[in-house]
Amino acid sequence: MRQNGIHHITAIAGPAQRNLDFYTRTLGLHLVKKTVNFDDPGTYHFYYGDEAGQPGTILTIFPWEHAAPGRLGIGETQETVFRVPEGAIGYWTHRLVDKGVPHEAPQKRFGETVLAFKDPDGMRLALVAVPGIEAEPAWSIGEIPVEHAIRGFHGASLLLDKAAPTGAILTDVFGFTEVAREGSLVRYKAGDTALGGIVDLREAGGFPPGRPGAGTVHHIAFRAASDAVQAGMVKKLAENHGIRTTEQKDRDYFRAVYFREPGGLLFEIATDAPGFAADEPAESLGRALKLPRFLEPKREKIEAVLPKVA
Ligand code: ZN
């Protein structure tokens, strides 16, 4: 079966330690990879996900100690949404209160219970209660019982001037289908992909454009099962939509191309292979600082510049 949907979502954040504490301790995600921004090696690049770091579970963060806060607006990701079992929303509501995390009361969206909250940089996140996923494996160490643990991405919502041009890319290139409408929201679903299979487009014409910075999403990456599938998507973008992508870049854990979609967001197409066990054992993912081969000679300098985290 062809796998579609979101591969990873990458966001900008403030201080590294605060970000690590929030995502690994408060939310209980697995730090799957600790590396640097390949284009700016004085900055960490953290990957949070499930045990193995499957596509569709990965939130990646560039933490800059002094990042200025961004502002949500048109042409940006409005909300990054994780899946939890149906019975877990009560647990999470209590936990967010306990931990002093700003959140809203649970609400219904497309018939699903949604608990919206913000990370320490003001990034908009939500948990969605999904029936029937209790038995799915979940990463759980520390305080959060496995029955309540996050099970990857539900998806993301994008704030757009107009939904249709972005919807055309989702359906024609990434294998999504429009499945529902509610108010100004249009829901797209990637077949029966469970992890990261939902993208909601919110049409908000007249809203001012967003400003990148801490607490905003930098880009969303969609899955390509192989290099050949990725090349097919690149061809479709060019032939059917007049959009050119970057050349393919080797990100060590996947191979990526990037493009600006018609609504203004930066999209990426990332291959499933080789995955996060490419440069360290699956049992100890995320513990050591990993560097791409071209930066290994500079390890000492890089380690001296990076903030210490634990
Ligand atoms: Zn990416």
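Me: How do the residues lining the largest cavity divide into nonpolar, polar and charged?
Reply: In this predicted model, the lining of the largest cavity consists of five nonpolar, two polar and five charged residues.

Me: Which residues are they?
Reply: The lining of the largest cavity is made up of Glu79, Val81, Arg109, Glu112, Val114, Val128, His154, Ala156, Ser157, Arg187, Ile198 and Asp200. Strands E5 (76-85), E7 (112-118), E9 (153-160) and E12 (198-203) are the elements that each give two or more residues to this lining.

Me: Which strand gives the most?
Reply: That is E9, with three residues in the lining of the largest cavity.

Me: And how much space lies in there?
Reply: The largest cavity holds about 70 Å³ of space. The count of cavities of 30 Å³ or more comes to one.

Me: Now the largest pocket, please. How much space does that have?
Reply: About 540 Å³ of space lies in the largest pocket. Its lining has 27 residues, and those nearest the centre of the pocket are Thr24, His30, Leu31, Trp139 and Ile141.

Me: What kinds of residue line the pocket?
Reply: The lining of the largest pocket has eleven nonpolar, seven polar and nine charged residues.

Me: A change of topic: which protein donors does the zinc ion have?
Reply: The zinc ion has His8 (NE2), His219 (NE2) and Glu268 (OE) as its protein donors, at 1.9 to 2.0 Å. Along the chain, the donors follow the spacing H-x210-H-x48-E.

Me: Finally, which residues touch the most other members of the largest nonpolar core?
Reply: Tyr23 and Phe174 do, in a core of 65 residues. Another core lies apart from the largest one; it has twelve residues, including Val32, Tyr258, Leu266 and Phe276.

Me: What does Tyr23 touch, not counting residues up to four places away in sequence?
Reply: On that basis, Tyr23 touches Gly28, Leu29, Tyr48, Leu59, Ile61, Asp119, Met123 and Leu125.

Me: What do nonpolar side chains tend to do in soluble globular proteins?
Reply: They tend to be buried together.

Terms used: Residues numbered from 1 in each chain as written. Predicted model: local features only at pLDDT ≥ 70, side-chain atom pairs only at ≥ 80, totals over all residues. Heavy atoms only, no water. 1 Å grid on protein atoms, 1.4 Å probe; cavity = no way out; pocket = protein on both sides within 12 Å on 5 of 7 lines; lining within 4 Å. Points joined across faces, edges and corners; volume = space filled by probe spheres on them. Nonpolar A, V, L, I, M, F, W, Y, C, P; charged D, E, K, R; others polar. Donors = N, O, S within 2.8 Å, 3.2 Å for Na, K, Ca; no water. Helix = DSSP H or I, 4+ residues; strand = E, 2+ residues; numbered from the N terminus. Core = buried A, V, L, I, M, F, W, Y, C linked by side-chain atoms within 4.5 Å. Buried < 20%, exposed > 50% of the residue type's maximum accessible area, 1.4 Å probe, protein only. Contact = heavy atoms within 4.5 Å.
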